[in-house]
Amino acid sequence: MEHLGAYTDLVHAAARHQGERPPVKPGPDLRNAIGDVLGFGALPAVPADVRTDRTWSRDGVAVEEVSWSVGYGPRTQAWVLRPGGATGPLPGVVALHSHDGVKAYGKEKIADGPDGSVAETVARMRDQAYGGRAYANALAREGFVVVVPDAFCWSSRRFPLETMPERIRLLGAQSAAAAGDGPEEAYERSARLHEDLVAKYCSVLGTTLAGVVAYEDRVAVAYLRSRPDVAGESVGCVGLSGGGCRSALLQATCDDIGAAVVVGMMSTHAALLDRLVDNHTWMFFPPGLARLCDWPDLAASRAPAPLLVQYDRDDQLFTLDGMKAADAAIAEHYRQACAPEAYVGEFYDGPHKFDVAMQESAFAWLRAQLA
């Protein structure tokens, strides 16, 4: 079903208006232009007032709950996981939780909390997308120090329902009631509508939702690199879906990322028209980016920095043609950068997911890049 209906021809009119563009080349000029489009690039990405709030160990993983201030809003909570009993520095990875249309939970989607219990919503997401496991814990057991921060608008960084406009609260409640859902889903339905408002505020403030999220993820990178138990001059990042979007943005904007894994979040813009734009977050569509470059160009903008993209052939959020076109575009950027081997594109059968087989491949690739 085409979402623009009688305005489907707007797609072609806009393409004619934009005209032919010269090929995009990765490098400092493109990265600087991407930074200008995203915004929030001038702020120093330094966590303030860092503290450790509690610790626990379970199933071979030692965990710290840490928090810091980014200079606005509530404190960011993050979990830091490492193999229990490990001595000496280990490679570091930022594990980026997904969007899912669920904002009450962030880090909890991919890492286990202190009591080991998992909310029903989170358990369902893990079963559908992650092979039934908390992949951040599995990554830590593989010999990494893993930080899992809450993103802007999620979990500890979410907007409370009472701060949302009455119109949005009412629409969320009505929608949930009509579906027979309770207060938790009413909040999530309101939060989905509220993302549009947050994106508007970002635009008025001269930035973008993608820019704010990427900035806060750079703060998490700075925290991880500051830890004495993290080895090397750079760290990795990995995420599925909205987390894959965050990984691509982080790869494009942070020189301290030595290896990035983007899972289930890669396509050309053209392949999303005119049916699939509505499926995705504002993080995927920072205003102005499409005038500058396509999404694969952003992901490859730091070539030859190592990049792994995992695609699901039956991903319901993308077309296979769009994913193949993105893969070819990224590979070409890396050829232009004289480092074709630094990009790996993997295609897997099945729907939108980051299952155990994909995780194991990503973990091995990260180990090789960060060794």
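This report describes the sheet, the helix packing and the aromatic contacts of a predicted model.

**The sheet and its helices**

An open sheet is built from nine strands, with mixed pairing and the order β1-β2-β3-β5-β4-β6-β7-β8-β9. Its edges are formed by β1 (48–58) and β9 (343–348); each has a single partner strand, so one side of each is left without a neighbour in the sheet. On average, neighbouring strands of this sheet are turned by 20° against each other, direction ignored.

Within the sheet, strand β4 (residues 90–96) and strand β6 (residues 230–240) run parallel and are joined by six bridges. A95 has V238 in β6 as its bridge partner.

| Helix | Strands touched | Angle between directions |
|---|---|---|
| α11 (residues 320–336) | β8 (307–312) and β9 | about 165° with β9 |
| α12 (residues 356–370) | β4, β6, β7 (257–263), β8 and β9 | about 165° with β7 |

**A crossing of two helices**

Helix α7 (residues 209–226) and helix α8 (residues 242–253) have axes that come within 9 Å and cross at roughly 70°. Because angles of 65 to 115 degrees count as roughly perpendicular, α7 is described as roughly perpendicular to α8. On the α7 side, the contact is made by A210, V213, A214, D217, R218 and V221. The residues of α8 that take part are R246, L249, L250 and T253.

**Aromatic contacts**

The structure holds 12 aromatic pairs. In one of them, the ring centres of F152 and F159 lie 6.1 Å apart and the planes stand at 70°, so the pair is edge-to-face. The two residues can also be described by their accessibility: F152 is buried, with a relative accessible area of 11%, while F159 is partly exposed, at 27%. One aromatic cluster is formed by F284, F285, W295 and F318.

Lysine side chains also meet tryptophan rings. The charged end of K103 sits over the ring of W154, at 4.9 Å from the ring centre. For K107, the charged end sits over the ring of W79, with 5.2 Å to the centre of that ring.

Key
Residues are numbered from 1 along each chain as its sequence is written. This is a predicted model: local features need pLDDT of at least 70, side-chain atom pairs count only at pLDDT 80 or more; totals for chains, interfaces and linings use all residues. Side-chain values use heavy atoms; hydrogens and water are left out. Rings of Phe, Tyr and Trp (its six-membered ring) pair if their centres lie within 6.5 Å; planes under 30 degrees apart count as stacked, over 60 as edge-to-face and the rest as tilted. Buried means under 20% relative accessible area, exposed over 50%, partly exposed in between (1.4 Å probe, protein chains only). A charge sits over a ring if NZ of Lys or CZ of Arg is within 6 Å of the ring centre and within 35 degrees of the ring normal. Two strands pair if DSSP finds at least two bridges between them. Helices (H or I, at least four residues) and strands (E, at least two) are DSSP runs, numbered from the N terminus. Axes are lines fitted to C-alpha atoms, for helices over the stretch in contact, and angles run from 0 to 180 degrees between N-to-C directions. Contact means heavy atoms within 4.5 Å. Angles under 35 degrees count as roughly parallel, over 145 as roughly antiparallel, 65 to 115 as roughly perpendicular and the rest as oblique.
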